[in-house]
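I opened a new page in my notebook for this one. I wanted short notes that I could follow again later.

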Amino acid sequence: MPDVKVTYDKTVNAAYIYFTDPQVSVRSAHTYPCDPIDVDGMVNLDFDEQGRLIGIEVLAATSKLPEYVLQVAERLDSEGS
């Protein structure tokens, strides 16, 4: 199984989990926002034109994702530079 790419921006406390080949540019055709009450936060699912899940955006990432995932994520903020 290929590695999953995760990016994290501490400034806005947002992470994105990619389920696509990092070498291939895939555009989201549809975003499904999960009910913030049901998931106790904001999570958005991105799908391609064929209806395949291509990524997950997680806002308030520190409260939703394990710390080790954020520690190894590619940093998008100035602390990651």
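These are my entries, starting with how the model was read.

**Ground rules.** I am working on a predicted model, where local features need pLDDT of at least 70, side-chain atom pairs count only at pLDDT 80 or more, and totals for chains, interfaces and linings use all residues. Residues are numbered from 1 along each chain as its sequence is written, and side-chain values use heavy atoms, with hydrogens and water left out.

**The sheet.** I looked up the strands (DSSP runs of E, at least two residues, numbered from the N terminus). Two strands count as paired if DSSP finds at least two bridges between them. Six strands make an open sheet with mixed pairing, in the order 3-4-5-2-1-6. Strand 3 and strand 6 (74-75) are the edges, each pairing on one side only.

**Strand 2 and its partners.** I checked strand 2 next. Strand 1 (residues 5-9) pairs with strand 2 in the antiparallel sense, over five bridges. Strand 5 also pairs with strand 2 in the antiparallel sense, over five bridges. Ala-15 stands opposite Val-58 of strand 5. Four of the five residues of strand 2 are buried (buried is under 20% relative accessible area, exposed over 50%, partly exposed in between; 1.4 Å probe, protein chains only). The hairpin of strand 1 and strand 2 has four residues between the strands, and there I found Asn-13 with a positive phi near 55°.

Strand 1 and strand 6 run parallel, joined by two bridges.

**Asp-48.** I then went to the loop between strand 4 (42-47) and strand 5 (53-59), where Asp-48 lies. Is Asp-48 buried or exposed? Asp-48 is buried, because its relative accessible area is 8%. Leaving aside neighbours within four places in sequence, Asp-48 is in contact with Val-26, Arg-27, Ala-29 and Ile-54 (contact means heavy atoms within 4.5 Å). A polar atom of the Asp-48 side chain lies 2.9 Å from the backbone nitrogen of Gln-50.

**Phe-19.** My last stop was the loop between strand 2 (14-18) and strand 3 (30-33), which holds Phe-19. Phe-19 has a relative accessible area of 40%, so I noted it as partly exposed.

Notes. A polar contact is a pair of N or O atoms within 3.5 Å; within protein, one must be able to donate a hydrogen and the other to accept it, and residues adjacent in sequence count only if both atoms are side-chain atoms.
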